[in-house]
Amino acid sequence: MSTQAQDDELVAAEERALVERAVAGDRDALAEVVRLLQDPLYRLALRMVWRPAEAEDATQEILLRVLAHLGTWRAEAKLLTWAYRIGVNYLLNLKRQTPQEAAQLSLDAFRDGLADGLAEADYRGPEATLLADEVRLTCSQAMLQCLARDERVAFVLGDVFELNSTDAAWVLDVTPAAYRKRLQRAKKRLGSFLTATCGLVNPEAFCRCSRRVDKAVALGRIDPRKPGLARHPVSPGGRTVAQAEQQMIRLHDAAAVLRAHPDYAAPQAKMDAITGLLDSGRFPLLS
């Protein structure tokens, strides 16, 4: 058995032992399950629902569903992969729409909007680098919302989270072939859009983050007093905005632009609320 296979088997055994303790009512084990899953599930929710506030609510609901069904996990997949499946099912069926979904915004219409109000020179005001980062992060979030949900989640799982096609297909409950077709469709649409639009991908494209700052502020799409993504807390030891951007620059392709977000941490207040529920004795798993 290879070293990697041995490591995978050890992790699987540790996960099984942890879940067994949690299902048996060990509150410390339950808290550890929450700790392991909260940030990845938050990052999934954020990519699907766009705004941090909505992602917080979605993450809390997903985690509660995960914990409520923890006793049904049979290690048929890694614990996080199994949790992704629950999260994806919830997010695909969410009744609340993002603004782009409600407006049925296409990538073509989004590109036209980016061209409107583009400044002739880079923004040179206070916090210029920070606000350009905020524009980039917000823009890449918004363009994902122009995809249908099934295409969006396929792209997020495959090209953002880098799950292999077998695991991603299992999460979506489709065949690997169907998943790869869905992913390819999303990649083609986003790749064409970014090549024609984004100066980070194609130096000849028209859009530059630093030239969108004034318009984004005027439209209320970014708040210079409180940048929601550029100053978002990150997971302990996770990538910062600057580190994610450096990875993007090295790779310099469409997928890298959409992947180049920091490793956002789930807001602690929501996680504390879940912990409080577990400690209250009212949660079904521990009753």
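A crossing of two helices is left-handed if the near helix is turned anticlockwise from the far one by less than a right angle, and right-handed if clockwise. The model is predicted: local features need pLDDT of at least 70, side-chain atom pairs count only at pLDDT 80 or more, and totals for chains, interfaces and linings use all residues. Residues are numbered from 1 along each chain as its sequence is written, and side-chain values use heavy atoms, without hydrogens and water.

**View 1. Helix 2 crosses helix 4.** Helix 2 (residues 27-49) passes helix 4 in a right-handed crossing. Helices here are DSSP runs (H or I, at least four residues), numbered from the N terminus. The angle is about 30 degrees and the axes lie 10 Å apart. Axes are lines fitted to C-alpha atoms, for helices over the stretch in contact; angles run from 0 to 180 degrees between N-to-C directions. Helix 2 and helix 4 are therefore roughly parallel (under 35 degrees; over 145 is roughly antiparallel, 65 to 115 roughly perpendicular, the rest oblique). Helix 2 brings L37, P40, L41, L44, A45, M48 and V49 into contact with L79, L80, A83, Y84, G87, V88, L91 and L92 of helix 4 (contact: heavy atoms within 4.5 Å). These residues divide into 14 nonpolar, one polar and no charged. Ala, Val, Leu, Ile, Met, Phe, Trp, Tyr, Cys and Pro count as nonpolar, Asp, Glu, Lys and Arg as charged, and the others, Gly among them, as polar.

**View 2. Helix 3 meets helix 4.** Helix 3 (residues 52-68) packs on helix 4 (residues 79-92) at about 125 degrees, with axes 9 Å apart. That makes helix 3 oblique to helix 4. Their crossing is right-handed. A58, E61, I62, R65 and V66 of helix 3 touch W82, A83, I86, G87, Y90 and L91 of helix 4. By class, there are eight nonpolar, one polar and two charged residues.

**View 3. The buried side of helix 6.** In helix 6 (residues 107-115), L107, F110 and L114 are buried (under 20% relative accessible area; exposed is over 50%, partly exposed in between; 1.4 Å probe, protein chains only). They cover an arc of only 55 degrees around the axis, which puts them on the same side of helix 6. The arc is that of the directions from the helix axis to the C-beta atoms. These buried residues pack against helix 7 (128-144) and helix 10 (176-197). Just after helix 6, G117 has a positive phi of about 90 degrees.

**View 4. W170 in helix 9.** W170 belongs to helix 9 (residues 165-172). At 24% relative accessibility, W170 is partly exposed. Beyond its neighbours within four places in sequence, W170 contacts E76, A77, T81, W82 and R85.

Conventions: Helices (H or I, at least four residues) and strands (E, at least two) are DSSP runs, numbered from the N terminus.
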